[in-house]
Amino acid sequence: VYKRQYQRRVHGERDREEAKKENHPMAFAAAPLPYDYDALAAKGISKETITFHYDKHHKGYATRLNDLTANDSERQSKSLEELIKTEKPGPILNCAGQIWNHDFYWKSLSPAGGSSPSGALADKIAADFGSVDAFKEQFSTVALGHFGSGWAWLVQKADGKLAIVQTHDAGVPIVEGLRPLLACDVWEHAYYIDFRNDRKSYINSWWNAVNWEFAASNLA
């Protein structure tokens, strides 16, 4: 009898939780991963790394943001970009920024990535950095030298010129009026499984998977 009562109670709680989710869908979510979990393994970024990074960290920011805004319909009605541009520093801004950054980061990588840029993007990089090799060297220096957790970005400024910038923690370039083209996550959770504290080796693998087509599509 007690066992049946316990089972009914457990199932009843599960049913209520499922109904709650159906009636109140999450306002914020991580964008779907644009490839399989093992798609970048040949590039040096393992299935285990992507699984932990996407499922635990990226999705975790979305879960946290939904919890923080659970009783705030005004905030829940906003897009991530609107939250990022209007929120004061704090947990909500941090979570919104990290969801946006990671959505962009996964698109910056591709199983067919690597090699070198072409077309208008290659011309812009050569014009603004001297050469593609010079750009890669400068970008790697910024990503490797970033102190603590954060991001390295290739961005386009309002005047059309390209630049390399870094943001700390959950910082997003769009707040500064910059147009992101590529993102490299240099939080340790992006590489600790595969490379421990060897950020340099991770950055080398990141170059192997860079999605130049995505970067080109972001040019103004």
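Reader: How many helices and strands are in the chain?
Author: The chain has ten helices and three strands. Both are DSSP runs, numbered from the N terminus: helices are H or I with at least four residues, and strands are E with at least two. This is a predicted model, where local features need pLDDT of at least 70, side-chain atom pairs count only at pLDDT 80 or more, and totals for chains, interfaces and linings use all residues. Residues are numbered from 1 along each chain as its sequence is written, and side-chain values use heavy atoms, with hydrogens and water left out.

Reader: Which pattern does the chain follow along the sequence?
Author: Read that way, the pattern is α-α-α-α-α-α-α-β-β-β-α-α-α.

Reader: And what share of the residues counts as buried?
Author: Of the 220 residues of the chain, 45% are buried. Buried means under 20% relative accessible area, exposed is over 50%, and partly exposed is in between, using a 1.4 Å probe and protein chains only.

Reader: What about contacts between residues 24 or more positions apart?
Author: Those account for 67% of the contacts in the chain with a separation of 6 or more. Contact means heavy atoms within 4.5 Å.

Reader: Let's pick a helix. Which residues are buried in α9?
Author: In α9 they are Arg-199, Tyr-202, Ile-203, Ser-205, Trp-206, Trp-207 and Ala-209. The buried residues of this helix pack against α5, α7, β3, α8 and α10 (212–217).

Reader: At what angle do α7 and α9 pack?
Author: Helix α7 (residues 132–145) and α9 pack at about 140°, and their axes are 10 Å apart. That makes α7 oblique to α9. The axes are lines fitted to C-alpha atoms, for helices over the stretch in contact, and the angles run from 0 to 180 degrees between N-to-C directions. Under 35 degrees counts as roughly parallel, over 145 as roughly antiparallel, 65 to 115 as roughly perpendicular, and the rest as oblique.

Reader: Which residues of α7 and α9 meet?
Author: Phe-135, Lys-136, Phe-139, Ser-140, Ala-143 and Leu-144 in α7 meet Arg-199, Lys-200, Ile-203, Trp-206 and Trp-207 in α9. One of these pairings is a charge over a ring: Lys-136 lies over the face of Trp-207, 5.6 Å from the ring centre. To count, NZ of Lys or CZ of Arg has to be within 6 Å of the ring centre and within 35 degrees of the ring normal.

Reader: On to rings, then. How many aromatic pairs are there?
Author: The count comes to 18 aromatic pairs. One of them is Tyr-191 with Tyr-202, which is stacked, at 5.1 Å centre to centre and 20° between the planes. Rings of Phe, Tyr and Trp (its six-membered ring) pair if their centres lie within 6.5 Å; planes under 30 degrees apart are stacked, over 60 edge-to-face, and the rest tilted.

Reader: Where do Tyr-191 and Tyr-202 lie?
Author: Tyr-191 is in the loop between β3 (179–185) and α8 (192–195), while Tyr-202 is in helix α9 (residues 199–209), so the pair ties together parts that are eleven residues apart in sequence. Tyr-191 is buried, at 4% relative accessibility, and Tyr-202 is buried too, at 0%.

Reader: Which residues form an aromatic cluster?
Author: One cluster is formed by Tyr-37, Tyr-54, Trp-100, Phe-104, Tyr-105, Trp-106, Trp-151, Trp-153 and Phe-214.

Reader: Where is Leu-181 found, and what is it in contact with?
Author: Leu-181 is in strand β3 and is buried, with a relative accessible area of 0%. Leaving aside neighbours within four places in sequence, its contacts include Phe-104, Leu-121, Leu-154 and Phe-214. Leu-181 and Phe-214 are 33 residues apart in sequence and 7.5 Å apart in space, C-alpha to C-alpha.

Reader: And Asn-101, buried or exposed?
Author: Asn-101 counts as buried, at 0% relative accessibility, and its place is in helix α5. Not counting residues up to four places away in sequence, Asn-101 touches Trp-151, Trp-153, Ala-170, Gly-171 and Val-172.

Reader: Last topic: what is phi of Ser-115 near?
Author: Phi of Ser-115 is near 60°, a positive value in a residue other than glycine. Most residues other than glycine have a negative phi. Ser-115 is in the loop between α5 (91–107) and α6 (119–129), and is exposed at 64% relative accessibility.
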